[in-house]
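Please read these notes with the structure open beside them.

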Amino acid sequence: DRRKISFEGLILVSLIINSEYSLHKNIKITQNGLSIENFKKIDANFKEVFLNEFLQLSKDKKSSDIIISDLIKKLLRKFIKKQLGKKPEIKVHILRI
């Protein structure tokens, strides 16, 4: 894992989901080992696409941390592979309030 992170990078995504399954407006994405300039574009595009995908999920799917985490990973990998040609390690933190 250390070798992959050193070559490909690491992305951490933290988001808050309210009890009525709405997203808190501030999705926090941090990264290590990727170009900051390119990552800003990826960050903005990802948030827009993720929000649209999240809104289309059923309540059952919105209640599953695994489904949401997999969706985030899938979308981020797609953007980063396209923009940077890398496959970073992606970790997702979901807080429910």
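The numbered points below start with the basis of the values.

1. This is a predicted model, in which local features need pLDDT of at least 70, side-chain atom pairs count only at pLDDT 80 or more, and totals for chains, interfaces and linings use all residues. Residues are numbered from 1 along each chain as its sequence is written, and side-chain values use heavy atoms, with hydrogens and water left out.

2. The chain has 4 helices and 3 strands, taken as DSSP runs (helices H or I, at least four residues; strands E, at least two) and numbered from the N terminus. Their order along the sequence is α-β-β-α-α-α-β.

3. Buried residues account for 34% of the 97 residues; buried means under 20% relative accessible area, exposed over 50%, and partly exposed in between (1.4 Å probe, protein chains only).

4. There are 2 aromatic pairs, where rings of Phe, Tyr and Trp (its six-membered ring) pair if their centres lie within 6.5 Å; planes under 30 degrees apart count as stacked, over 60 as edge-to-face and the rest as tilted. The F46 and F50 rings are stacked, because their centres are 5.6 Å apart and their planes at 15°. F50 and F54 have ring centres 5.8 Å apart and planes at 40°, so this pair is tilted.

5. F46 and F50 lie 4 residues apart in helix α2 (residues 36-56), which means a separation of about one helical turn. F50 and F54 are also 4 residues apart in helix α2. Ring pairs join F46, F50 and F54 into a cluster.

6. Both F46 and F50 are buried, F50 at 0% relative accessibility. F54 is buried with a relative accessible area of 1%.
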